[in-house]
Amino acid sequence: MKDIEKIFRQVAKNNNTTVKNVKKEITLTIEEAMKNSSPENIKILKFISKNGTVPTPEEFIMYVYNNIIS
């Protein structure tokens, strides 16, 4: 997989924003999903994280890439 930071930089560039804002938006989306999802979906989100809590943007993107894209 490409360097995760390269991916964040490309997304930021494509959306005329900063890497910090990209990560913030992903974090907010994950947190919202944790609040409004079924127990099964929350369990999946916690599974993504290395420590069983809310996944970081990096953990989430890596999971999506490794399990859905590739």
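How do the axes of helix α2 and helix α4 cross, and within what distance do they come? I started my notes there, keeping in mind that this is a predicted model.

**Entry 1: α2 against α4**

I looked up α2 (residues 19-36) and α4 (residues 57-69): their axes come within 9 Å and cross at roughly 80°. Angles of 65 to 115 degrees count as roughly perpendicular, so I put α2 and α4 down as roughly perpendicular to each other. Then I listed who makes the contact. From α2 I have Lys 23, Ile 26, Thr 27 and Ile 30, and from α4 I have Pro 57, Glu 58, Phe 60 and Ile 61. Sorted by class, this contact has 5 nonpolar, 1 polar and 2 charged residues.

**Entry 2: α1 against α2**

Next I checked the pair α1 and α2. Here the axes come within 8 Å and cross at roughly 100°, and α1 and α2 are therefore roughly perpendicular to each other. On the α1 side I noted Glu 5, Phe 8, Arg 9, Val 11 and Ala 12; on the α2 side, Val 19, Val 22, Lys 23 and Ile 26. Lys 23 and Ile 26 were already in my list for the contact with α4, and they turn up here in the contact with α1.

Which residues of α1 are buried? I found Ile 4, Phe 8 and Ala 12 in this helix, which spans residues 4-14. They cover an arc of only 80° around the axis, which puts them on the same side of α1.

**Entry 3: Ser 49**

Is Ser 49 buried or exposed? With a relative accessible area of 6%, Ser 49 is buried, since the cut-off is under 20%. Ser 49 lies in the loop between α3 (39-48) and α4. Leaving out residues up to four places away in sequence, I have Ser 49 touching Val 54, Pro 55 and Glu 59.

**Entry 4: Asn 66**

I then went to Asn 66, which has its place in helix α4. Asn 66 is partly exposed, at a relative accessible area of 43%. I also took a C-alpha distance from there: Asn 66 and Glu 40 are 26 residues apart along the chain, and their C-alpha atoms are separated by 20 Å.

**Entry 5: the whole chain**

I count 4 helices and 0 strands, and the elements run α-α-α-α from the N terminus on. Taken along the principal axes, the C-alpha atoms fill a box of roughly 35 × 25 × 20 Å. Of the 70 residues, 19% count as buried. The accessible surface comes to about 5,300 Å², with 55% of it belonging to carbon and sulfur atoms. For contacts with a separation of 6 or more, residues 24 or more positions apart account for 36%.

Definitions and conventions: Residues numbered from 1 in each chain as written. Predicted model: local features only at pLDDT ≥ 70, side-chain atom pairs only at ≥ 80, totals over all residues. Heavy atoms only, no water. Axes fitted to C-alpha atoms, helices over the stretch in contact; angles between N-to-C directions. Helix = DSSP H or I, 4+ residues; strand = E, 2+ residues; numbered from the N terminus. Parallel < 35°, antiparallel > 145°, perpendicular 65-115°, else oblique. Contact = heavy atoms within 4.5 Å. Nonpolar A, V, L, I, M, F, W, Y, C, P; charged D, E, K, R; others polar. Buried < 20%, exposed > 50% of the residue type's maximum accessible area, 1.4 Å probe, protein only. Arc of directions from axis to C-beta. Areas by Shrake-Rupley, 256 points an atom, 1.4 Å probe, with all protein chains shown as cover.
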